[in-house]
Amino acid sequence: MVDATELPGASKATSNGSGPESAADKTTAGSTRSGAPSGPRYAQIIGWGYEVPSKVITNHDLEQIVETSDEWIRTRTGIEERRVASDPQETTATLGLAAARKALEVADVHPSKVDLIICSTSSPEHIFPSTASIIQDGLGATNAGAFDLSAACSGFVYALSMARGHILAGDAEYVLVIGAETLSRLVDWTDRNTCVLFGDGAGAVLVAASSVPGGIIASELGSDGSGADLLIVPAGGSAIPPSLETVSSGNHFIKMDGKAVFRFAVRVMSDATKAVLARAGLSTDDVDLVIPHQANLRIVQNSVLKQLRIPEEKVFVNLQRYGNTSTASIPIALCEAIKAGKVKPGDHLVFVGFGAGLTWAACAVQWSVPTDRQEADWWRATRRQAGYQAAAARSMWRRAVRWVYQVWPDDPEGSPRRDIEPPKERETPLNGARGGDD
Ligand code: ACO
């Protein structure tokens with residue numbers, strides 16, 4: 001477990017890098033996943049990072065594509081521009097990997113120490129395998145379990161709640177929670193009702209077991225599947241498997257009843273916030289910062305500001321620049337709020353989101369770690385890079401060994417199969433230098 005002196009910032013003076021001997025790591029030694037938890041445990045967010053594509057699409061750019069206007073988009077949603085993964089090599093996993101690396105770097109925790117990786121996404125790399133497993137391989141997080149979580153835009157907050165549960169149960173010391181999306185690949189760029197709303201990006205946090213009171217102190221999760229058809233990608237699953245017809249009819253794109261989702265969102269954002277505060281024993285006056293799902297400025301205004309009467313300066317909004325990045329919106333906003341100096345140790349934060357499902361989720365967090373992160377020195381950055389190269393080499397080696405077993409016959413007299421292609425050097429987009437943050 002990480003104790004007070006080991007939280008990032010407090011530990012920098014003694015921590016000598018990202019290797020197994022770092023200060024955070026020392027405290028975990030002897031406290032294994034299987035060992036009974038000793039003393040009270042808390043789930044603290046100790047690392048954070050985000051990644052967005054470099055391509056910016058402004059409202060004026062969209063005016064060239066669909067019948068819309070900058071004025072309509074700004075006044076109806078608050079969005080001014082969004083990032084789009086225009087490079088086919090940029091995917092949900094590459095964005096998630098880059099964000100995850102940054103979160104580990106801030107926490108100064110080696111990937112091999114991570115016990116569990118949860119990737120929340122609605123635009124996964126594939127139906128299976130999970131995007132989380134692909135990120136696990138790219139990180140070289142060789143001791144981690146990994147799975148994807150599907151709860152649309154509420155997913156990141158759901159995943160935080162799962163991370164807290166694993167940590168409080170004593171099943172994990174470090175859980176990496178990632179929200180990553182490339183919804184631009186599921187958007188119908190001829191549908192003005194949806195294409196103006198969404199953007200791509202990823203955010204990640206590292207949650208650690210700690211003896212320091214606070215951290216993720218309460219969560220509230222909800223679902224109403226009777227609204228499943230209000231926001232849906234109809235085809236591609238078992239209900240409507242892919243076919244020429246589903247592709248030609250555009251049923252692999254996002255379909256949304258915007259008005260119904262809007263009404264639902266305003267209601268659940270305020271109800272979920274109230275519920276999680278009650279669970280945490282806090283009132284709205286105790287809240288220092290709300291980080292809502294960044295879907296529409298009017299949803300935030302009608303729920304958090306009007307219904308909960310939380311003042312504007314206590315609500316962080318950055319949807320103007322990123323649009324709705326779905327499950328990535330809250331961790332991206334958290335990183336930007338930290339950078340803007342809006343998060344301090346002792347602060348009470350609320351993360352609250354809603355999305356397809358229909359789903360909603362809120363977490364109350366008592367922030368405990370310093371946010372004035374020190375830049376990695378040359379040696380640490382170089383070691384980190386070497387670690388990523390080693391992870392790529394390890395992945396390649398394992399695939400090469402599997403290939404040899406496939407090609408070589410069990411019968412020693414037989415001849416090797418020539419019909420199986422050897423693994424290519426860049427079989428996935430993660431096999432290059434792409435996705436790096438150093
Ligand atoms: N440009 C210009 N006009 C538009 C556009 C556009 N991009 N989109 C819609 N319109 C038109 C409509 O066609 C309609 O025209 P009509 O009156 O002639 O039929 C008119 O504008 C008004 O449309 P409304 O739907 O009433 O507009 P509204 O004020 O409700 O705003 C919006 C629409 C922005 C979609 C809003 O309903 C909304 O934000 N809903 C929530 C959506 C959301 O957050 N979804 C994500 C959930 S998270 C997840 O899980 C992925």
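Begin by selecting strands β11 and β12 (residues 348–355), which pair in the parallel sense over four bridges. Strands here are DSSP E runs of at least two residues and helices are H or I runs of at least four, numbered from the N terminus; two strands pair if DSSP finds at least two bridges between them. Residues are numbered from 1 along each chain as its sequence is written. The model is predicted: local features need pLDDT of at least 70, side-chain atom pairs count only at pLDDT 80 or more, and totals for chains, interfaces and linings use all residues.

**The strands.** Within this pair, select Pro292 and its bridge partner in β12, Val352. Then show the whole of β11, residues 289–292: Leu289 and Ile291 lie on one side, Val290 and Pro292 on the other, and all are buried. A residue is buried if 20 or more other C-beta atoms lie within 10 Å of its own, exposed if 12 or fewer, and partly exposed in between, with C-beta atoms placed from the backbone.

Next select β13, residues 359–366. Eight of its eight residues are buried, so β13 is largely enclosed by the rest of the structure. In a regular strand the side chains alternate between the two faces of the sheet. Thr359, Ala361, Cys363 and Val365 point one way from β13, while Trp360, Ala362, Ala364 and Gln366 point the other way.

Which strands join β13? Three residues separate β12 and β13 in their hairpin, where Gly357 takes a positive phi near 145°.

**The ligand.** Centre the view on the ligand and display the 23 residues that surround it; the closest are Thr68, Ala152, Gly258, Ala295 and Gly355. A residue belongs to this shell if its C-beta atom, placed from the backbone, lies within 6 Å of the molecule. Colour α3 (70–77), α7 (192–195) and α9 (258–280), the elements that give two or more residues to the shell. The largest share, five residues, comes from α9. By type, the shell divides into twelve nonpolar, eight polar and three charged residues. Here Ala, Val, Leu, Ile, Met, Phe, Trp, Tyr, Cys and Pro count as nonpolar, Asp, Glu, Lys and Arg as charged, and the others, Gly among them, as polar.

**The nonpolar core.** Now select Ile117, Ile118, Val177 and Ile178, which touch the most other members of the largest nonpolar core, a set of 125 residues. α9 gives the largest share of this core, eleven residues. Such a core is a set of buried Ala, Val, Leu, Ile, Met, Phe, Trp, Tyr and Cys residues joined through C-beta atoms within 7 Å. Beyond its neighbours within four places in sequence, Ile178 is in contact with residues including Gly96, Ala99, Ala100, Ile135 and Ala204; contact requires C-beta atoms, placed from the backbone, within 7 Å.

Select α4 (92–107). All 16 of its 16 residues are buried. Just after α4, Asp108 takes a positive phi of about 60°.

Move to α13, residues 378–407. The 30 residues of α13 should span 44 Å at 1.5 Å a residue, and its end C-alpha atoms are 43 Å apart, which agrees; the expected span is 1.5 Å times one less than the number of residues. The buried residues of α13 are Arg380, Arg384, Tyr388 and Ala391, and they pack against α4 and α5 (131–139). Also in α13 is Ser395, which counts as partly exposed because it has 19 C-beta neighbours inside 10 Å. Draw a distance from Ser395 to Gly138: 8.0 Å, C-alpha to C-alpha, across 257 residues of sequence.

**A loop residue.** Finally, select Val52, in the loop between β1 (42–51) and β2 (56–58). Is Val52 buried or exposed? Val52 is buried, because 23 other C-beta atoms lie within 10 Å. Not counting residues up to four places away in sequence, Val52 touches Arg83, Asp200, Gly201 and Tyr322. Val52 and Tyr322 are 270 residues apart in sequence and 8.6 Å apart in space, C-alpha to C-alpha.

Technical notes
Two residues are in contact if their C-beta atoms, placed from the backbone, lie within 7 Å.
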